[in-house]
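Please read the following walk through a protein chain with the structure open beside the text.

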Amino acid sequence: QLSPSQPSPERVPSPEEQEWAGPEALCPGWLEDEAPDGEVPGHSGDPDDATHAYERLQSALCQEGLPPTLDCSAEPRTGFGPLDMTVCILGSPTPFLPVLLEGGTRCPGAMVLCLSPTWASRVPSETSPGAWSLLLSRGVSFKAGGHSALETFAPPRRANYVTGTFAPGDPEGGWVGELARDLDCPTGGSAPLAHRLEDALVARWVLAARANLPVPPTLAFVLGARGDLPAEPAAPGVRLVRLEDPQGQQGLVQEE
């Protein structure tokens, strides 16, 4: 590690590399108030969100000693077909940075980071009735050596695999879950699945009752019905106490 007094060994980017067009480059058309069918409803496409996510990416790259992202968006990339591999990461860049870097080394250009819902659109699938295809008009692609580039795609690039920050508490969790809903390609999760896995009681019940895996001894007091926690089958190591009657709850808790 370098102390603050030591000079940084990182390459100083050229003026062309340092320049990027700001929010309008990251969220083209963000002032337009339109929401075509299939796109995420109720999201304003605030350029500040994309800008902050882009800045977090640059900070993470800098901490890893990697070059900053080049802005290549002025010259759209063409020639992508349905058989070209596109692994799309939606949302915050930091949780998936190791995946993006490793993927960029093994399959240069195939890993694409989407930082804003305005960078993607959902269209009815041509192969799976009732499902949707995710098309990327913009993204940050990763190549060998930790190099990355902000690119635009014309025509939009179809995603073959999608994952991202589905956690409900994540600021990007809402639009990520909507973009990844009912896609015609494999996904690395979903908002409902993330919600269930974040619930420690549900996760332990599933592991113990359905997978027969040992879990820490658990005493859980449940308010209300909690229909997502069936009474049967019993989960070894997990005891549920339902507090349905306000009268005598304190005594019941002490007894258990």
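A residue is called buried if its relative accessible area is under 20%, exposed if that area is over 50%, and partly exposed in between, as computed with a 1.4 Å probe on protein chains only. By that rule Asn212, with a relative accessible area of 64%, is exposed. The model is a predicted one, so local features need pLDDT of at least 70 and side-chain atom pairs count only at pLDDT 80 or more, whereas totals for chains, interfaces and linings use all residues. Residues are numbered from 1 along each chain as its sequence is written, and side-chain values use heavy atoms, with hydrogens and water left out.

Helices and strands are DSSP runs numbered from the N terminus: a helix is a run of H or I with at least four residues, and a strand is a run of E with at least two. Asn212 lies in the loop between helix 7 and strand 8. Its phi is positive, near 55°, and it is a residue other than glycine. Asp182 also is not a glycine and has a positive phi of about 55°. Asp182 sits in the loop between helix 5 and helix 6, and its relative accessibility of 46% makes it partly exposed. Why point these out? Most residues other than glycine have a negative phi, and most peptide bonds are trans. The peptide bond from Ala154 to Pro155 is cis, with omega near 0°, and Pro155 is found in strand 6.

Now turn to strand 2, which covers residues 87-90. Val87 and Ile89 point one way from this strand, Cys88 and Leu90 point the other way, and all are buried. Two strands are said to pair if DSSP finds at least two bridges between them. Strand 2 pairs with strand 3 in the parallel sense over four bridges, and Ile89 has Leu113 of strand 3 as its bridge partner. Between these two strands the chain passes through helix 4, and this β-α-β crossover is right-handed. That term means that, with the strands pointing away from the viewer, the path from the first strand over the helix to the second runs clockwise. Strand 2 is also joined by four bridges to strand 7 (residues 161-164), and the two run parallel. Here Cys88 has Val162 as its bridge partner.

Which strands run antiparallel to strand 5? Strand 3 does, with two bridges, and so does strand 4 (residues 120-124), with five bridges. Strand 6 is another antiparallel partner, joined to strand 5 by seven bridges. Examples of facing residues are Val112 with Ser141 of strand 5, Arg122 with Leu134 of strand 5, and Leu136 with Arg157 of strand 6. The hairpin of strand 5 and strand 6 has five residues between the strands, and Gly145 takes a positive phi near 80° there. Ten of the eleven residues of strand 5 are buried, so the strand is largely enclosed by the rest of the structure.

The next topic is the interior. A nonpolar core is a set of buried Ala, Val, Leu, Ile, Met, Phe, Trp, Tyr and Cys residues joined through side-chain atoms within 4.5 Å. The largest such core has 39 residues, of which Leu90, Leu134, Phe142 and Val162 touch the most other members. Among the elements that give two or more residues to this core are helix 3 (47-63), strand 2, strand 5 and strand 6. Apart from this core lies another, of eleven residues, including Leu201, Ala209, Ala220 and Val238.

Helix 7 is the last stop. Its buried residues are Leu201, Val202, Trp205, Ala208 and Ala209. Seen down the helix axis, they fall within an arc of 140°, so they line one face of helix 7; the arc is that of the directions from the axis to the C-beta atoms. Contact means heavy atoms within 4.5 Å. The cover over these buried residues includes helix 6 (191-198), strand 8 (218-223) and strand 9 (238-243). Arg204 lies in helix 7 (residues 200-210) and is partly exposed, with a relative accessible area of 29%. Neighbours within four places in sequence aside, Arg204 is in contact with Val215, Pro216, Pro217, Thr218 and Val238.
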